[in-house]
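Reader: I would like to learn how to read a protein model. Please take one feature after another.

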Amino acid sequence: MIKLSLAAARVNVGLKQEEAAKMIGVTAKTLRNYEKGITAIPAHKLKRAAKVYGVPQDVIRLPVVDDGEYDEDEKNLQHTTV
């Protein structure tokens, strides 16, 4: 299955960030942060974005958000010995 980035899904329907943000119910800055992976997009906003963009949620590829923390799996890998 082909996946689209959040930004590509928006561009494919011809929306600018400001327009899409208003339709999703966030500021343009917040949408920009979602698209760049600075902020994780909440599930209810992803659902709204998918509806606005006319694509199923599972088609949208979300960026990895680097919050400075390790995922639990990564922590476990670091603490195991071989």
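**Reading a helix and its neighbours**

Author: Ala-49 lies in helix α4; helices (H or I, at least four residues) and strands (E, at least two) are DSSP runs, numbered from the N terminus. This is a predicted model, in which local features need pLDDT of at least 70, side-chain atom pairs count only at pLDDT 80 or more, and totals for chains, interfaces and linings use all residues. Residues are numbered from 1 along each chain as its sequence is written, and side-chain values use heavy atoms, with hydrogens and water left out.

Reader: How many helices and strands are there in the chain?

Author: The chain has five helices and two strands. Along the sequence they follow the pattern β-α-α-α-α-β-α.

Reader: Is Ala-49 buried or exposed?

Author: Buried means under 20% relative accessible area, exposed over 50%, and partly exposed in between, with a 1.4 Å probe and protein chains only. Ala-49 has a relative accessible area of 1%, so it is buried. In the chain of 82 residues, 29% are buried.

Reader: Which residues of α4 are buried, and which are exposed?

Author: An α-helix has 3.6 residues a turn, so residues three or four places apart point the same way. In α4, which runs over residues 43-53, the buried residues are Lys-45, Leu-46, Ala-49, Ala-50, Val-52 and Tyr-53. Seen down the axis of α4, these fall within an arc of 160°, so they line one face of the helix. The arc is that of the directions from the helix axis to the C-beta atoms. On the other side of α4, Ala-43, His-44, Lys-47 and Lys-51 are exposed.

Reader: What covers the buried residues of α4?

Author: The cover includes α1 (6-12), α2 (17-24), α3 (28-36) and β2 (60-61).

Reader: How do α2 and α4 cross?

Author: Axes are lines fitted to C-alpha atoms, for helices over the stretch in contact, and angles run from 0 to 180 degrees between N-to-C directions. The axes of α2 and α4 come within 9 Å and cross at roughly 120°. Angles under 35 degrees count as roughly parallel, over 145 as roughly antiparallel, 65 to 115 as roughly perpendicular and the rest as oblique. The pair α2 and α4 is therefore oblique. Their contact (heavy atoms within 4.5 Å) is made by Ala-20, Met-23 and Ile-24 of α2 and by Lys-45, Arg-48, Ala-49, Val-52 and Tyr-53 of α4.

Reader: Which residue just after α4 takes a positive phi?

Author: Gly-54 does, with a phi of about 70°.
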